[in-house]
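Please look over the sequence and the model shown here.

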Amino acid sequence: MNKYISAIVLAAISSAEVEAQTLQPAPRLVVNITIDQLRTDYIEHFAPLYSQGGFKKLLGEGRVYEAVCYPFSPVDKASAITAIATGTTPYYNNIPAERWLDRNTLRPIFCVDDPKFYASPQNIATSTISDELKVSSDGASVVFGIACLPDAAILSAGHAADAAFWIDESSGMWITSEYYSEEARQWLKLYRSKNPQTAKNKKRTNEEACNFSLDCITENSMGRDAVTDYLAVTFSAKGENKTKWQTEMKDIYVSLDKVLAQFVSTIEEKIGKDNVLFVLTSTGYTDDPQVDYAKYHIPTGTFYINRTANLLNLYLSAIYGQGMYVETCFHNQIYLNRKLIEKNHISYADVVSRSKEFLIQNAGVREVKESPYTPAISGDLLVEISPGWQLLNEDNRENFTWRASFIPFPIIFYGSGIKAEHINTPVTVDCIAPTIAKAIQIRAPNACKEAPLF
């Protein structure tokens, strides 16, 4: 009998514990921090110079995933931030890069261009984590995206955000788009009237983004009630000095550490550590300084993509008859004239196959692939050149040196009951959105296929 009673008591206790866990309130505020070009090796190298409240605090008290990568390549700021927000790759979210060509005009499109509102998230083809939060709260959640640059602010904020704010390149002032709510735009006007000195400073700094974000949280009463709010902030670890970049990196990471210390501690004081979930990661790439490999006898060369595209057109004309079978090239992509191919009743697959055979024979070409994206946002053929080689487009003067090296960076979850732990299991950044969704008890974005990390 006593064993029976004990079993009932234990079952009741277990049930109560499960219920308590189930009823654990969601954090009042999610702060999703993306640091452009952040690297783990630099974080570790400058560790002796850090304060106790920045990197050391996050790495020491957070749940840290150390083996992280992006599930697609190549990666830049726009594609990385969109992948974090949507929990999926450019194949679904339609943001493969900062710029791509419009098939109709053959002119570059900036990822947040909008003919009606000047700038908006209209090009994102899926929902984001903040969109799903707005849906689940029936619009009650407050959502902002803040960055020094427009693409980072807008893409991180999502479609349904109250606003995205960034610094205007010409005036140095914080601005937004008419796409967003009138209330948010009015708040920005009030902020600018109280902080006129911002207009005099045209530098894009992490300190400015930090201070603006903290004011935004306070003045918009974020994290004050049981309805979860969401703030996406983008900082930068990008260097500008190509000749003294090693010294510059030290200054950048020490300064960034101070910004993070101020940012995290101030939010914790305002809202409470257990009421805030911080997520921090990197865009996962770096703009490396140009190196003269030939000077050091390292294999290198120049691949002229516009010349190669013209030669490809001559090759295809010799096979299929005179015509402009190659419309243009952009970055490392070649655009075929699909209308001409269809008009002449030529097999598109055959044209692609012959084009790949021609391109792969050119010096410096490592691989030629068909685009994994829709024709609206990508060329038909993607040319990957050998590491150390330079791709040069003489028409628009674009040039870059190809690197295939791994960039180490972490994902850090901190606050809101998170226990300190370092995890070496390989993970991808598209797991961030479903993990946040689980923490705030909502659905993951509508193209997100990954499971939560915990």
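Thr-234 is buried, as its relative accessible area is 7%; buried means under 20% relative accessible area, exposed over 50%, and partly exposed in between, with a 1.4 Å probe and protein chains only. This residue belongs to strand β11, residues 229-236. Helices (H or I, at least four residues) and strands (E, at least two) are DSSP runs, numbered from the N terminus. Apart from its neighbours within four places in sequence, Thr-234 touches Thr-34, Ile-81, Ile-146, Ala-147 and Ala-152, where contact means heavy atoms within 4.5 Å. The model is predicted: local features need pLDDT of at least 70 and side-chain atom pairs count only at pLDDT 80 or more, while totals for chains, interfaces and linings use all residues. Residues are numbered from 1 along each chain as its sequence is written, and side-chain values use heavy atoms, with hydrogens and water left out.

Two of the residues that touch Thr-234, Ile-81 and Ala-152, also take part in a contact between helices α4 and α7. Helix α4 covers residues 77-86 and helix α7 residues 150-157; their axes come within 8 Å and cross at roughly 15 degrees. Axes here are lines fitted to C-alpha atoms, for helices over the stretch in contact, and angles run from 0 to 180 degrees between N-to-C directions. The angle therefore makes α4 roughly parallel to α7. Angles under 35 degrees count as roughly parallel, over 145 as roughly antiparallel, 65 to 115 as roughly perpendicular, and the rest as oblique. The crossing of α4 and α7 is right-handed; a crossing has this hand if the near helix is turned clockwise from the far one by less than a right angle, and is left-handed if anticlockwise. From α4, Lys-77, Ala-78, Ile-81, Thr-82 and Ala-85 meet Asp-151, Ala-152, Leu-155 and Ser-156 from α7. Sorted by class, the contact of α4 with α7 has five nonpolar, two polar and two charged residues. In this sorting Ala, Val, Leu, Ile, Met, Phe, Trp, Tyr, Cys and Pro count as nonpolar, Asp, Glu, Lys and Arg as charged, and the others, Gly among them, as polar.

On the α8 side the contact is made by Trp-187, Leu-188 and Tyr-191, and on the α9 side by Phe-212, Asp-215, Cys-216 and Glu-219. The residues of this contact between α8 and α9 divide into five nonpolar, no polar and two charged. The crossing of α8 and α9 is right-handed.

The contact of α11 with α13 has nine nonpolar, two polar and two charged residues. Ala-318 also lies in α11, and at 67% relative accessibility this residue counts as exposed. Its C-alpha atom is separated by 57 Å from that of Val-64, 254 residues apart along the chain.

How many disulfides does a search of the whole structure find? The search finds zero, a disulfide being a pair of cysteine sulfur atoms within 2.5 Å. For Cys-210, the closest cysteine sulfur is in Cys-148, 11 Å away, which is too far for a bond. Cys-210 is buried, with a relative accessible area of 0%. For Cys-448, the closest cysteine sulfur is in Cys-431, 7.6 Å away, again too far for a bond. Cys-448 is also buried, with a relative accessible area of 15%.

Some backbone details remain. Most residues other than glycine have a negative phi, and most peptide bonds are trans. Ser-73 and Pro-74 are joined by a cis peptide bond, with omega about 0 degrees; Pro-74 is in the loop between β3 (68-69) and α4. Asn-94, a residue other than glycine, has a positive phi near 70 degrees and is found in the loop between α5 (90-93) and β4 (99-101). Gln-441, not a glycine, has a positive phi of about 60 degrees and is placed in the segment after α14 (432-439).
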